[in-house]
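Here are my notes for someone opening this one for the first time. Have the model on screen while you read, and take the points in order.

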Amino acid sequence: MHKYGILLAPLLLAACDNGTSVKVAPTTGKNTQHSAEREDLLRQIKANLVFVEGGDFLMGDFGAEHGPEKIQLDTEEDSKPLHKVTLSSYSISKFKTTNQEYQLYLKLNNSQLKKANNILTQELLDALNTLPDTPAHMDWYDAQKYCAWLGEVSGLPFALPTEAQWEYVARSRGKFIIVGTNSGVLEMKGASRGINISGSLDREDFAIKMGLKGGTLITMPVDSYPPNPLGIYDMAGNGYDWVNDWYDPDYYQNSPTDDPKGPQKPVHKDYEGNYTKVMRGADFSGAFKGLTVARYSSNPSTEVTGDKTVRCVVNSPQPVK
């Protein structure tokens, strides 16, 4: 299992010194500690980046033309038509952002985890936020802020992945792969236990072992199951991944070929009247989950509910050193 440092709870926030004189002696104390923690965090995040060589691929539901059974993989129309996309090279995190990483980011920015609006949801969030190596959960705006902050402090072009970038890596550079696992399929032992993904009983057992509330709704450590052939983990579950694009069910009908970034402005509203962003992947791993071509939409400022995660990209044509 991938090892992280001790979980840095956001309640242990420490404000930086507030002196304003430019003649102050070299930074010491808490500022020095924060600087060292920030540099350690950046080294860890850069070490977990996977360089992805760009190229051409056919984006969308490829099942009818290129699938093994020549039938649609996805029942929804928003994953169609199949269309050509050309992507520039970039790097992407092999892991979803972990609690350890995100809570340290909050600490360094004098912020705290958001609270739920009801007790039951908050109990689940408390369990999800406990372990350092399980995914952090947040709304789209906080996910975007996190990636942008990494860019500010590193000088690298960090960002949320575009929908096209996400699908390209989930399909191992655009191959006709149905599910983003090591084998391209979901390997299960019955309907409730997984081999290359988690099943509901796997998550329930893990929650009991770790003494956590949440049962089957708990998330697993980010390296619990094998990565896909590119070395990217959890592309078939363990939480939806936020991507940068505004959601448009008809976007594939007029998507540009080169580095598509989604609609320039919000166009689609949910049933409550909120404009929506795209999510990819799956909320929970298990049977009938994790199609590489399936698209989902959600209010970007939705209440944090424990199923929305983030991984960042670096939009550079060269590997990050």
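1. Some ground rules. This is a predicted model, where local features need pLDDT of at least 70, side-chain atom pairs count only at pLDDT 80 or more, and totals for chains, interfaces and linings use all residues. Residues are numbered from 1 along each chain as its sequence is written, and side-chain values use heavy atoms, with hydrogens and water left out. Helices (H or I, at least four residues) and strands (E, at least two) are DSSP runs, numbered from the N terminus.

2. Back to helix α7, residues 200–210. Its buried residues are D202, R203, F206 and A207 (buried is under 20% relative accessible area, exposed over 50%, partly exposed in between, with a 1.4 Å probe and protein chains only). Looking down the axis of α7, these fall within an arc of 135°, so they line one face of the helix (the arc is that of the directions from the helix axis to the C-beta atoms). Exposed I208 and K209 sit on the face turned away from the buried side. After α7 comes G211, with a positive phi near 70°.

3. Now look at helix α3 (residues 99–108) against helix α5 (residues 140–154). They pack at an angle of about 75°, with axes 11 Å apart (axes are lines fitted to C-alpha atoms, for helices over the stretch in contact, and angles run from 0 to 180 degrees between N-to-C directions). That makes α3 roughly perpendicular to α5, a label for 65 to 115 degrees. From α3, the contact uses E101, Y102, Y105 and L108, and from α5, D142, K145, Y146 and W149 (contact means heavy atoms within 4.5 Å).

4. β9 (residues 277–282) pairs with β10 in the antiparallel sense over 3 bridges, with K277 opposite S298.

5. How many of its 6 residues are buried? The count is 6 of 6. β8 and β9 run antiparallel, joined by 5 bridges, and D241 stands opposite R280 in β9.

6. The loop between β9 and β10 holds T292, which is buried with a relative accessible area of 0%. Leaving aside residues up to four places away in sequence, its contacts include F62, W166, I178 and R280.

7. Finally, another open sheet of 4 strands has the order β1-β4-β12-β5, with antiparallel pairing. β1 (49–52) and β5 (158–159) stand at its edges, each with a single partner strand, so one side of each lacks a neighbour in the sheet. β4 (residues 90–93) pairs with β12 (residues 313–314) over 2 bridges, and V314 is the bridge partner of S91. Helix α6 packs here as well, touching β1, β4 and β12, with its direction at about 75° to that of β4.

Key
Parallel < 35°, antiparallel > 145°, perpendicular 65-115°, else oblique. Pairing = 2+ DSSP bridges.
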